[in-house]
Structures are given as structure tokens and as C-alpha cells.
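Work through the exercises below with the structure in view. Try each task before you read its solution.

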Amino acid sequence: MAAEESRYLLGYPASDSYPRVQNKKLYLATFAAVLGPLSFGFVLGYSSPVIPELRNIDDPELRLDSNQASWFGSLVTLGAAAGGILGGYLVDKVGRKLSLMLCSVPYVFGYIVIISAQNVWMLYFGRMLTGLASGITSLVVPVYISEVSHPKVRGMLGSCVQLMVVTGILGAYVAGITLQWRWLAVLCSFPSCIMLLFMSFMPETPSFLLNRNKRSEAIASLRFLRGPYVDHEWECRQIEASVQEEGLNLSELKNPSVYRPLLIGVALMFFQQVTGINAVMFYAETIFEDANFKDSRVASVVVGSIQVCFTSVAALIIDKTGRKVLLYISGFALGWGPVPWLVISEIFPLKARGISSGACVLTNWIMAFLGFLTSYGTFWLFSAFCCLNVTFTAFYVPETKGQTLEQIEAYFRRS
């Protein structure tokens, strides 16, 4: 039934539906957007090869001790938490497209500060700025992709967010084998510059435009994203039916269509981080050195490669298996890496999408920061939470495969 409704949403007869959609420009818009998560991945992966180098550098002003190295890695999460708050404001005020373009500024400026660093505090400041940009990116890109996609490919395209994050992490690991830390920072700044260029040619999302009463621009956006052979007016009417003119106020937090998806989203972000994955990825090389691996850099690359491979598999199968099935799988790259980011981009009503997404991103990065403050023994606690994740998924996370954003919103409103 959901598939049939989705076909009619796009204005097709049931017998000849999806072949009429031309996805080429939708894929182009997605590629431009996921250059943001690629930049985000480079930020996360940067600390792993750089910390061992900075701990042994000749310059005493830049040399990191164990405590400073920990802060160098973890400050990104504090910046990202702030970015989640700022991104939640920007995405509703200036739009998805412009928010994504603006976040390239702290990316580039942060790397400039790191490249020109003369002391540890400049390194810290640069990491905070790139963390701020990462927080905005982690909020805006999933929302942008979910709103420009149609149900048949939304899962696959939404999973590309996490795929590009782990690709960026792997890229930083590989480049760190040969590049000195300043040159690695130069390389890491490139994706955000390319994103700024590409996004300037991409459309704003139809949902945001209709929420701003810009119907003709929304139709133009749909024409760009779907091609000329689709009933754009039909899809536009379906989106308009769910657009709320009024903004979100506190009294509406009692509404199940607002508070239920918010609680589910916050819980998903909490459980994602208590797997302990960021503690591993930020300090992969240091962990392998402490474990007396012969070549810790190569071992880190192997870990990054495994992440990319299994996240790619998740992107290919998620629209067939559904979201919940992959969440039942304990592996991070196949389930708890890509799926929570996709689900939070789907379940919030349009009027609450910015503030709810901001709350989820804030939860994610605060939990990531707290993870850095724990001892190695706490990895047993992380393991216990991984088991609890499965129980939460079974009872509280709805399946969103094949449903439009409007149908998902209606589900929570009925409940």
C-alpha cells in the first residue's frame, strides 16, 4: 500500500511509475551535499595520524602531552555540539542549501588556523572550528537529502551520509601515512571548498520553499530533481498538505507527532554514541600503538576500509531490508552508523525539523565527548549498551522504508 501511495505521490500511474523519474540530477544534488559529510569525516580522521606526530614534534610550543592529545581529539565533539544548536537555527531560518554552503566557512578557516598554528591553543581553536562545521553538517545534510529524495531511493541516498563520513576518515588515515600534519590539513580543506562551489548550483528543497510560500520556486526545484516527465503539481500538493503555516511553540511539545519522534531521535543518537565508536576512530592509531602493533598506521587503514565496505553494503540494501532490520545488526558500519542519521531525517514534522534535529545532534556530540572521558574498562559498558540498542529498536523505532515524509508524519500524528 505504501508503495502505491508513493507512486501516486510522484504523479505516476501505478503501471508505469518510477521509470518516468529521472534521477540524474537528484544524484548530482546528493553528491554535492555529501561533500559535507566527506569533510566531516576528514575532521574525525585527522587526529588519528596527527596526534602521534605532534607528540614527537621538535617544536615545544606545538608538542602535545597525553592530556593535550586527548583534548586535541575530543574538542571536535564540543564544537560539533555547538554546531548542532546553530545548525538547528540556521536550517529553519535561512534554508537547507544556504546553511550547508555557510558551514564551509568554519571548515576552511579552522584548517587555516591549524596550518598556521604557533602553539597548542591555536590547534585547539582550529579543531573547535572544524568541529562546529561538522555539527552543522551532520544536521543539515540528512535533512537536505531526505527532502529532495523520493521514497524509492531515499534510504540509499540518506545512507550515503555515513558512507562519506567513513570515506573521509579512511582518506585521512591513508593520506596521513605520507603527508606531514600541516599538508594533511591542506588536503582536508579541499572537500568543503568543492562543496561550496557545487551547492551554489543546486536547488533548495521543495519542502522548505513551500513552507516559505515560494510555490513557483518549489515547482522549479521538483522539475530539476525529478525531470520533466513527472506531475510536479501533484507532488507539490502532497507536500503542501503537510506544511504547517505556524511555527513550533512549546505547547505543541505535548503533541505525539512532535514529542514521540523527538524522543526516538534523541534515544537513537544516545545509543549510537554509547557503542564507543568515536573513541576508537579518533584514536585508532594511538590504540594500535599501545597494543604494540608493528605498523599502527596500516592497522588504522584496515579499520577504516572495513567501515567503508560495510557502510556501502548498508547503502545498497537499506531500501530493501528496511531500517529496523539493520538496527538489529550489532555491527556499527552496517546498522548503527548510517541508520540513525537517516531515521532522524525522516521522522520529524516539517515545522519541528530544525529544532528536533538540533536536539538530536546535540545529544550525539555531548555523548561522544563524554565517551572520551571514560577509562578503557568502560568499553564493557559500551558492549552492554549495544545489547540494549536492540531492545529499544524492537519496541520503539518505526519502520520508514517506502514511506513518504508526509506519511511518516501522519503516522506519528495518528498515534
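**Exercise 1: Aromatic pairs**

The structure holds six aromatic pairs (rings of Phe, Tyr and Trp, its six-membered ring, with centres within 6.5 Å). This is a predicted model: local features need pLDDT of at least 70, side-chain atom pairs count only at pLDDT 80 or more, and totals for chains, interfaces and linings use all residues. Residues are numbered from 1 along each chain as its sequence is written, and side-chain values use heavy atoms, with hydrogens and water left out.

Task: Classify the pair formed by Phe 270 and Phe 271.

Solution. 
- Step 1. Take the distance: 5.4 Å centre to centre.
- Step 2. Take the angle between the planes: 75°.
- Step 3. Apply the cut-offs: under 30 degrees is stacked, over 60 is edge-to-face, and the rest is tilted. The pair of Phe 270 and Phe 271 is edge-to-face.

Task: Is Phe 271 buried or exposed?

Solution. 
- Step 1. Recall the classes: buried is under 20% relative accessible area, exposed is over 50%, and partly exposed lies in between (1.4 Å probe, protein chains only).
- Step 2. Phe 271 has 7% relative accessibility, so Phe 271 counts as buried.
- Step 3. Check its partner. Phe 270 has a relative accessible area of 26%, so Phe 270 is partly exposed.

**Exercise 2: Two helices**

Task: Describe how helix α2 (residues 24-55) packs with helix α5 (residues 104-115).

Solution. 
- Step 1. Know the terms. Helices are DSSP runs (H or I, at least four residues), numbered from the N terminus. Axes are lines fitted to C-alpha atoms over the stretch in contact, and angles run from 0 to 180 degrees between N-to-C directions.
- Step 2. Read the geometry. The angle is about 25°, and the axes are 12 Å apart.
- Step 3. Name the arrangement. Angles under 35 degrees count as roughly parallel, over 145 as roughly antiparallel, 65 to 115 as roughly perpendicular and the rest as oblique. Therefore α2 and α5 are roughly parallel to each other.
- Step 4. Find the contact (heavy atoms within 4.5 Å). Gly 36, Ser 39, Phe 40, Phe 42, Val 43 and Tyr 46 in α2 meet Tyr 107, Tyr 111 and Ile 114 in α5.

**Exercise 3: A proline**

Task: Where is Pro 338 found?

Solution. 
- Step 1. Pro 338 is in helix α18 (residues 338-346).
- Step 2. Pro 338 is buried, with a relative accessible area of 1%.
- Step 3. Pro 338 and Leu 327 are eleven residues apart in sequence and 9.4 Å apart in space, C-alpha to C-alpha.
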